[in-house]
Amino acid sequence: MRQCLEQLRPNYPRIAMAMEFITLTGLRGGELLALRVQDYDKARQCVHVTGTIISGVPNGSDEQRGTPKNAYSYRDVYLNRRAMYILDWFIMENKRAALWSQGRYVDRGYIFTTATGFPYDLSTINKRLQTVHIEGKKLTTHIFRHTHISLLAEQGIPLKAIMQRVGHNDPNTTLSIYTHVTDAMNKEARQKIDAIAAL
C-alpha cells in the first residue's frame, strides 16, 4: 500500500488520498464515490453508507447515485483519526474550489470529486492506478478493500465484525481473504516457535 500511495501522490494526490481512505475503511469503490457531506457523522466518527455510484451512467444524471450492492451494504463505518482527516481535507478543498474556480466547480454535495464537483469515475481511477508499478500486482480500487480486510484479520478482528464493517453477507467472500491472512500468520507463528526451540 505504501509503495502504491508513494507512486500516486506526485501526479494524483486526490486519488492517492481516496485509495488510502478505502484502505482505512474497506468501502467499495462505488460506495466511496457516493459519499456525500451529509453521510459524514463527525460527532459519531462514522460515515453512513447509503448508496453507490453506478458505472456507465453519465455524470450529473439523477440515476448516477444508486442503492448499495445489497441489504448488508447499508451500514455505518467507524472512522479513525486519519480517515476523518481525509474527509475533512476533501470537504475543505471542495469548498475552496467552489469559491475560487470561477464557477467551474459546482458543489453537488459529494466528497470525492473531480475539479468540477462530479464524483470521480471509477474507470478513470483504475486507469490512474495502472500507472503504478508493483511487481505481481494488478491494481484496482478493490485491492485496497482487500488490504483493509487483511489488516483487520492481522489484528485478530473476528470474522463476523469484519463482515459487518465491509458489508458482506456471505462469509465465504470474507473468508477467502481472512483465511489467506490467518494461514500466513500461523506459518509465521510456527517459525517463531521453532526459533524459540532452537535457543
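1. Which pattern does the chain follow when read along the sequence? In this predicted model, the order is α-α-α-β-β-β-β-β-α-α-α-α-α. That makes eight helices and five strands in the chain.

2. Of the 199 residues in the chain, 41% are buried. The exposed surface comes to about 11400 Å², with carbon and sulfur atoms supplying 54% of it. As for contacts between residues at least 6 apart in sequence, 57% join residues at least 24 apart.

3. You will find Thr113 in the loop between α4 (81-100) and α5 (122-129). Is Thr113 buried or exposed? Its relative accessibility is 0%, so Thr113 counts as buried, the cut-off being under 20%.

4. Next, the surroundings of Thr113. The side chains of Thr113 and Tyr105 are joined by a polar contact of 3.0 Å. Beyond the neighbours within four places in sequence, Thr113 touches Arg14, Asn94, Tyr105, Phe118, Pro119 and Tyr120.

5. Do have a look at the second largest pocket too, with its volume of about 190 Å³. Two elements, α2 (13-25) and α6 (141-154), each give two or more residues to the lining of this pocket. The most comes from α6, with three residues.

6. Which residues line that second largest pocket? They are Met1, Thr23, Leu24, Tyr78, Leu79, Asn80, His148, Leu151, Leu152, Gln155 and Arg165. Sorted by class, the lining has six nonpolar residues, four polar and one charged.

How values were computed
Residues numbered from 1 in each chain as written. Predicted model: local features only at pLDDT ≥ 70, side-chain atom pairs only at ≥ 80, totals over all residues. Heavy atoms only, no water. Helix = DSSP H or I, 4+ residues; strand = E, 2+ residues; numbered from the N terminus. Buried < 20%, exposed > 50% of the residue type's maximum accessible area, 1.4 Å probe, protein only. Contact = heavy atoms within 4.5 Å. Areas by Shrake-Rupley, 256 points an atom, 1.4 Å probe, with all protein chains shown as cover. Polar contact = N/O pair within 3.5 Å; in protein donor to acceptor, adjacent residues only side chain to side chain. 1 Å grid on protein atoms, 1.4 Å probe; cavity = no way out; pocket = protein on both sides within 12 Å on 5 of 7 lines; lining within 4 Å. Points joined across faces, edges and corners; volume = space filled by probe spheres on them. Nonpolar A, V, L, I, M, F, W, Y, C, P; charged D, E, K, R; others polar.
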